[in-house]
Amino acid sequence: MASLRTLRAFNLVSALPRAHQRSLVSSFVAAKRFKSTTQGLKERLSELIPAKQEEVKAVKKAHGSKPLGEVTVDMAYGGMRGIKGMIWEGSVLDAEEGIRFRGLTIPECQKVLPAAEGGDEPLPESLFWLLVTGEVPSPEQVKLLSAEWAARSAIPSFVEELIDRCPSTLHPMSQFSLAVTALQHESQFAKAYQQGIHKSKYWEYTYEDSMDLIAKLPNIAGRIYRNVYKDGKLPAINPNLDYGANLANLLDFGDKKQFVELMRLYLTIHSDHEGGNVSAHATHLVGSALSDPYLSFAAGLNGLAGPLHGLANQEVLRWTMKMRDELGSAEVSDETIKEYVWKTLRSGQVVPGYGHAVLRKTDPRYTCQREFALKHLPTDPMFKLVSQLYNIVPGVLTEQGKTKNPWPNVDAHSGVLPQHYGLVEQDYYTVLFGVSRSLGVLSQLIWDRALGMPLERPKSLSTQIVKKMFEGKN
Ligand SMILES: CC(C)(COP(=O)(O)OP(=O)(O)OC[C@H]1O[C@@H](n2cnc3c(N)ncnc32)[C@H](O)[C@@H]1OP(=O)(O)O)[C@@H](O)C(=O)NCCC(=O)NCCS
């Protein structure tokens with residue numbers, strides 16, 4: 001069996017008992033074949049958990065005391081860049097290549113994940129299935145998941161009232177975080193914990209909460225959008241539609257076929273970016289205290305609302321429109337744009353949408369959105385401007401010489417697409433990012449509970465102690 005040999009070669013299974021080796025190999029083979037026989041997600045997950053628990057036990061037994069890398073003083077002062085200190089199963093980010101979801105690149109996901117009937121883009125439901133199980137679901141499994149999320153989508157009336165009472169001047173992300181925190185009232189995990197459940201059951205309640213929470217997000221996001229920018233009236237979730245189509249409907253863009261496809265793609269590609277980014281790490285950290293999925297994800301949303309993280313997609317469009325307005329037109333020379341970029345840098349601001357803490361090449365999430373634009377809106381003036389910036393900004397940032405990565409990230413492109421279809425309210429864009437991010441961070445939270453991940457508690461030092469550690473040493 002070649003696959004067993006491959007796994008053994010990587011020393012992944014040799015420490016496991018024979019029976020578990022077989023089940024691990026069959027799940028590996030299943031992942032390669034991208035098929036599973038069981039229909040429901042929870043059922044499939046409960047089949048996969050024992051083998052994964054054994055795998056982790058074996059990895060810890062075989063390699064537990066070995067170092068993963070070195071930690072330098074610069075790393076401790078430098079936002080912990082490059083420190084390998086966390087396990088994240090759903091996705092891994094390579095500095096050159098970009099993200100892979102369970103081993104699949106974005107173009108591969110676009111190829112193999114089920115799309116809607118008559119659509120091209122992957123359904124976010126299928127990406128969630130992939131993140132949770134490592135397997136590509138069948139179209140029937142995806143349909144079941146769409147129906148299950150629609151069935152779980154209602155939000156309690158007190159949460160509706162809470163959103164309705166927010167002033168329209170309260171940032172949509174603050175409203176979003178507030179509503180998710182309030183939904184904690186519904187947490188099955190918190191109730192079960194109070195009643196004293198066994199540790200081995202944690203994942204099941206985390207799963208139920210995560211499914212409920214993901215399902216309810218379009219109703220929250222739609223309500224915020226309609227309250228802040230429209231007349232506050234909201235249609236009901238359609239149980240026959242998929243998640244992206246329902247979200248598009250709630251935003252009042254459901255009649256635009258391309259916008260619906262955009263939502264499906266957007267929700268898929270913004271879902272996960274390994275574990276160290278602020279929203280993922282914050283969710284994981286708070287979750288490690290056994291705070292339930294609602295409280296944990298609210299923490300992630302608060303991090304996503306920062307301008308160096310998810311809020312950058314709002315900042316990009318604002319900055320680009322300000323540039324267009326100041327320069328008097330979207331059609332300006334490269335030289336004029338170059339000068340504008342330098343002006344931003346000289347005023348001590350960052351160029352939003354460029355740079356990344358890990359990536360060192362153009363973000364494939366940028367490329368994928370660019371391809372969507374080339375296919376559907378090649379003549380949009382803002383898209384043309386964004387393309388022009390792509391040709392200019394990396395050169396300026398390289399010339400300035402500070403940024404480790406002069407290339408665009410996901411946010412450099414994510415605003416220009418919704419604005420084309422009329423969703424022009426930039427302050428709202430990070431909410432869409434937040435809906436998508438739930439898929440990645442909550443699938444990991446389920447695994448955190450299944451694998452019994454402990455309270456997260458890294459060690460900190462004071463500057464005084466760092467100085468003392470190296471006293472008399474060069
Ligand atoms: C994403 C980001 C926070 C990563 O930060 P980082 O890992 O510290 O990046 P670097 O190590 O390359 O930073 C080195 C220097 O370059 C600067 N730099 C990085 N990206 C920059 C950008 N887009 N424009 C101007 N300067 C930038 C940093 O501010 C830093 O300056 P400093 O030494 O004066 O503090 C940073 O690139 C950034 O602020 N980008 C713009 C905001 C954005 O698009 N965020 C979304 C990320 S997905």
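Start at His-270, in the loop between H13 and helix H14 (278-287). Helices here are DSSP runs of H or I with at least four residues, numbered from the N terminus. The model is predicted: local features need pLDDT of at least 70, side-chain atom pairs count only at pLDDT 80 or more, and totals for chains, interfaces and linings use all residues. Residues are numbered from 1 along each chain as its sequence is written, and side-chain values use heavy atoms, with hydrogens and water left out.

**Stop 1: His-270**

Show the surface around His-270. The residue is buried, with a relative accessible area of 0%. Buried means under 20% relative accessible area, with a 1.4 Å probe and protein chains only. Now select Tyr-266. Its backbone oxygen lies 3.0 Å from a polar atom of the His-270 side chain. Which residues does His-270 touch, not counting those up to four places away in sequence? They are Gln-369, Val-410, Ser-414, Phe-433, Ser-436 and Arg-437. Contact here means heavy atoms within 4.5 Å.

**Stop 2: helix H19**

Select residues 381-400, helix H19. The expected span is 1.5 Å times one less than the number of residues. For these 20 residues that gives 28 Å, and the end C-alpha atoms are 28 Å apart, which agrees. Look along the axis for a kink of about 30° at Tyr-390, shortly before the proline Pro-394. The bend is the angle between axes fitted to the seven residues ending at a residue and the seven starting there.

Check both ends. At the start, a side-chain oxygen of Asp-380 reaches to within 2.8 Å of the backbone nitrogen of Met-382. Just after H19, Gly-401 takes a positive phi of about 80°.

Next, colour the buried residues of H19, among them Met-382, Phe-383, Leu-385, Ile-392 and Leu-397. The buried residues pack against helices H16 (312-327), H17 (334-346), H18 (364-376), H20 (411-414) and H21 (416-420).

Zoom in on Leu-389, in H19. Leu-389 is buried, at 4% relative accessible area. Its contacts include Trp-319, Met-323, Val-341 and Tyr-354.

**Stop 3**

Move to Ala-116, Glu-117, Leu-123, Lys-143 and Asp-242. Of the 23 residues lining the second largest pocket, these lie nearest its centre. On a 1 Å grid over the protein atoms alone, a pocket is an open set of points with protein on both sides within 12 Å along at least five of seven lines; lining residues have an atom within 4 Å of a point. The pocket volume is about 470 Å³. Volume is the space filled by probe spheres set on the points, which are joined across faces, edges and corners.

Helices H7 (139-151), H12 (243-250) and H13 (257-269) each supply at least two lining residues. H7 gives the largest share, five residues.

**Stop 4**

Ser-146 is buried, with a relative accessible area of 10%. Its side chain makes a polar contact (2.8 Å) with the side chain of Glu-125. A polar contact is a pair of N or O atoms within 3.5 Å; within protein, one must be able to donate a hydrogen and the other to accept it, and residues adjacent in sequence count only if both atoms are side-chain atoms. Ser-146 also touches Leu-241 and Asp-242.

Ser-146, Glu-125, Leu-241 and Asp-242 are among the residues lining the largest cavity. A cavity is a set of points where a 1.4 Å probe fits but cannot get out. The volume of the largest cavity is about 50 Å³. H7 gives the most to its lining, with three residues.

Notes. Buried < 20%, exposed > 50% of the residue type's maximum accessible area, 1.4 Å probe, protein only.
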